[in-house]
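Good morning, and thank you for coming.

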Amino acid sequence: MSNDVESVPVAAPALIGAGALIGFTLLAVAIGRSGGVGITEKPEANPVASLALTVEDRSDGAITLHEAGSDRLVATVAPGQDGFLRATLRGFGQARLRAGHGRAEPFRLTRFDDGSLTLSDEATGRRVNLEAFGPTNAGAFARLLPETLLPEGSTIR
């Protein structure tokens, strides 16, 4: 086996063609970005349901989810159950603590009219589209939302 590098002759027209293709691509992207040509923008979705959640760790390893403000118990997640929900909330909680915030401010779970579902933390500004993790994982959060609609004209921060 030899470590010698063999030189492969490349035709000059092929190199010129490749360079022209790269140049054309960069030009097309620049024109598209600056002028909005060929770019499809999705209209902003409106929230249709939302729930502010506070999370509490219990001594037995379970976590409880309460509706902020009313302190209504939304769900209890037993140890070893709902791994995605637990890991996501734990990640949000740890990010909040690293940013120097406390646990008092709730997380917000929001369903939009385009069917998307997000979990956000107003304290850190972190927001995650839960559909990105698949329908089963998003469903773990979707079951927490009430089926009631938000009042007309209401906004979610």
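I begin with F107, which counts as buried at 5% relative accessibility; buried means under 20% relative accessible area, exposed over 50%, and partly exposed in between, with a 1.4 Å probe and protein chains only.

Please note that this is a predicted model, in which local features need pLDDT of at least 70 and side-chain atom pairs count only at pLDDT 80 or more, while totals for chains, interfaces and linings use all residues. Residues are numbered from 1 along each chain as its sequence is written, and side-chain values use heavy atoms, with hydrogens and water left out.

The chain has three helices and six strands, in the order α-β-β-β-α-β-β-β-α from the N terminus. Helices (H or I, at least four residues) and strands (E, at least two) are DSSP runs, numbered from the N terminus. Of the 157 residues, 26% are buried.

How many aromatic pairs does a search of the whole structure find? The search finds three. Rings of Phe, Tyr and Trp (its six-membered ring) pair if their centres lie within 6.5 Å; planes under 30 degrees apart count as stacked, over 60 as edge-to-face and the rest as tilted.

One of these pairs is F84 with F133, tilted, at 5.1 Å between centres and 50° between planes. F84 belongs to helix α2 (residues 83-98), whereas F133 lies in the loop between β6 (126-129) and α3 (135-142), 49 residues apart. F84 is buried at 18% relative accessibility, while F133 is partly exposed at 43%.

F107 pairs with F92 edge-to-face, with 5.7 Å between centres and 90° between planes. This pair links helix α2, which holds F92, to strand β4 (residues 107-112), which holds F107, across 15 residues. F92 is buried, with a relative accessible area of 1%.

Ring pairs also join F84, F133 and F141 into a cluster.

I turn now to the helices. The axes of α2 and α3 come within 9 Å and cross at roughly 75°; axes are lines fitted to C-alpha atoms, for helices over the stretch in contact, and angles run from 0 to 180 degrees between N-to-C directions. The two helices are therefore roughly perpendicular, a term for angles of 65 to 115 degrees; under 35 counts as roughly parallel, over 145 as roughly antiparallel and the rest as oblique.

In α2, F84, L85, T88 and L89 meet N137, A140 and F141 of α3, where contact means heavy atoms within 4.5 Å.
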